[in-house]
Amino acid sequence: MKATTLLSQPLTETLVEHPYIEDFMTSFGLVIKPDSNSLQHYLDHLDPDALEDLGISSEQLRQSLDSFLAGMLALSDPMDKVESLTIVGGVDKSGKAENLQLTLKPGEVICIVGPTGSGKSRLLADIEWVAQGDTPTKRKILINDQVPDSKWRFSTEHKLVAQLSQNMNFVMDLSAEEFIRMHAESRLVTDPEAKVAQILLQANELAGETFAPDTPVTSLSGGQSRALMIADMAILSKSPIALIDEIENAGIDRKKALELLVQEEKIILMATHDPILALMGDRRVVIKNGGIEKIIESSEAERKNLVTLEALDNKLLALRNRIRTGDTLENL
Amino acid sequence: MRFLTISGPPSSGKTSVILRVIEALQTRQQKIGVVKFDCLLTDDDKLYAKKGVLVKKGLSGALCPDHYFVSNIESCVTWGHENGCEYLISESAGLCNRCSPHIKEITAVCVIDNLSGINTPKKIGPMLKSADIVVITKGDIVSQAEREVFASRVRQVNPGAIIMNVNGITGQGAFELTSLFEDASDIETLKGKVLRFSMPSALCSYCLGETRIGEEHQTGNIRKMDLQEGSA
């Protein structure tokens, strides 16, 4: 759709094809109705005094509308394919060189380990900012072996990175279904209703305790919120890289959660100290004093121990369920 | 001297964001000045002074705060320039949501927080809608999806702006914001500059100190609500 057709055809057509134009006008306090006039005609006939009351000039409104439409139309463009992400080492907090180059491919899971304050978040921030030696660590991030376009830094339409932070609180007064729908609409996905249903279904599979679509987001448990956000990230986000700041070990099937994300062919970087998640990763990046100290490949022996760890974890989970259902733990 | 106007609703985190930016600028040995505008009282000037930056505060008192801002900002810029500041930041709260301190050709920043509610972006006028950079704060308190939904609402009313998440407590994002400040407008004076948008006019008897309620006491620029049945 060309912007010129959009401006000249009757509003009855434009508003049906681009419903977000009505939202846009409403957010400026303007009313737009589908009639036989064009969008251009509508814009030309806005009352300048009314606009002044609303705090916008006709010129500014036009400029905003142009960038808004450009952004919305860009949302349906395919995202540039990310085949690899390379971290070119910088320096640690004492200025010692990291001397490394780490390349990650879609479907890979990399765990980031290190004590609090060691610089795990800075590494995640360097990736999100697509650092080019311009952050305190002097690291460089390459996409597909090249210095990426700086548009990645500020693009809200095509974000390189989707982040899942530890905090899962909600403040919005919406049900789980309404919230996910609003998120889907902001992403302009095709068939939002199907996506919303799929996300709620997945979230319920991940969560220890199920929840109904009309549950207010503010009353979801920690595990339910995490499950909802992981399902949301896997299904809605087009970002090729996922940064995860620990999946807490409560009320959620962590293994299934990680599998869901990997299945979407994302590059996953996860800050974690959870032994099961760490061993599910392909490699572990060890951070010390702000720098990458070493990289550990998950070994065959470690993978074998994963089975033992999972058995232990399942045992604890079963005990947790017994407590929940009012059972006693006299006999383990 | 790089000059920026920073505005935003009360308690959105303007001062915290500016403090984190100052810390990042100071690691590059930059001389910074801040002018803090407020209405009745502020102690934020002490927070700035503690960081070792030059600071002036202006309290509008009984005057409209944004009108007070625009009548003083030119001399503040001259003050910053004469004192050798490499960066000058003006901080003011947008109290009525219709005013805006933003000036044409001067980098304009609006600070707004994730907790302020999904409908807040559309309620704020030119202060948000005409800003070049929108900083969204308090992102650590909500989930990623909620941050995205809020940011998309901001983008809807100001699609041309650079939208950034900054955490005023931990400073996450402040380094990245600072790199945008390096490209801010470079000026010596505000002579000849104009506001991005006119301020709401207020020229009625109440502006001049009238306190009595009633038609007979109302003169000047008065507008009446339509309370007839069927009208909004």
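Author: Before we start, one definition: a helix axis here is a line fitted to C-alpha atoms over the stretch in contact, and angles run from 0 to 180 degrees between N-to-C directions. Also, this is a predicted model.

Reader: OK. At what angle do helix 1 and helix 7 of chain B pack?

Author: Helix 1 (residues 14–26) and helix 7 of chain B pack at about 70°, and their axes are 9 Å apart.

Reader: Is that roughly parallel or roughly perpendicular?

Author: Angles from 65 to 115 degrees count as roughly perpendicular, so helix 1 and helix 7 of chain B are roughly perpendicular to each other.

Reader: Which residues meet there?

Author: From helix 1 of chain B there are B:Arg20, B:Val21, B:Ala24 and B:Leu25. They meet B:Ala174, B:Phe175, B:Leu177, B:Thr178 and B:Phe181 in helix 7 of chain B.

Reader: And how do the residues of that contact divide?

Author: Seven are nonpolar, one is polar and one is charged.

Reader: Switching to strands. How do strand 2 and strand 3 of chain B run?

Author: Parallel, with six bridges joining strand 2 (residues 32–38) to strand 3 (residues 54–59) of chain B. In this pair, B:Lys36 stands opposite B:Lys57.

Reader: What does the chain cross through from strand 2 to strand 3 of chain B?

Author: The path goes through helix 2 (residues 44–50) of chain B. This β-α-β crossover is right-handed.

Reader: Now chain A. In what order do the strands of its open sheet come?

Author: The order is 2-1-4, three strands with antiparallel pairing. Strand 2 (101–104) and strand 4 (140–143) of chain A are the edge strands, each pairing on one side only. Neighbouring strands of this sheet are turned by 15° against each other on average, direction ignored.

Reader: How many bridges join strand 1 to strand 4 of chain A?

Author: Four, and strand 1 covers residues 85–88 of chain A. A:Leu85 has A:Ile143 in strand 4 of chain A as its bridge partner.

Reader: What domains does chain A have?

Author: The domain assignment gives domain 1 (3–75) and domain 2 (85–298) of chain A. Their C-alpha centres lie 36 Å apart.

Reader: Last topic. How many residues of chain B are in contact with chain A?

Author: 33 residues of chain B, in contact with 35 residues of chain A. Helix 6 of chain B gives the most to the chain B side, with ten residues. That side divides into 14 nonpolar, eleven polar and eight charged residues.

Terms used: Residues numbered from 1 in each chain as written. Chains lettered and ligands numbered in written order. Predicted model: local features only at pLDDT ≥ 70, side-chain atom pairs only at ≥ 80, totals over all residues. Contact = placed C-beta atoms within 7 Å. Helix = DSSP H or I, 4+ residues; strand = E, 2+ residues; numbered from the N terminus. Nonpolar A, V, L, I, M, F, W, Y, C, P; charged D, E, K, R; others polar. Domains from an automatic or database assignment. Pairing = 2+ DSSP bridges. Right-handed = clockwise from strand over helix to strand, strands pointing away. Parallel < 35°, antiparallel > 145°, perpendicular 65-115°, else oblique.
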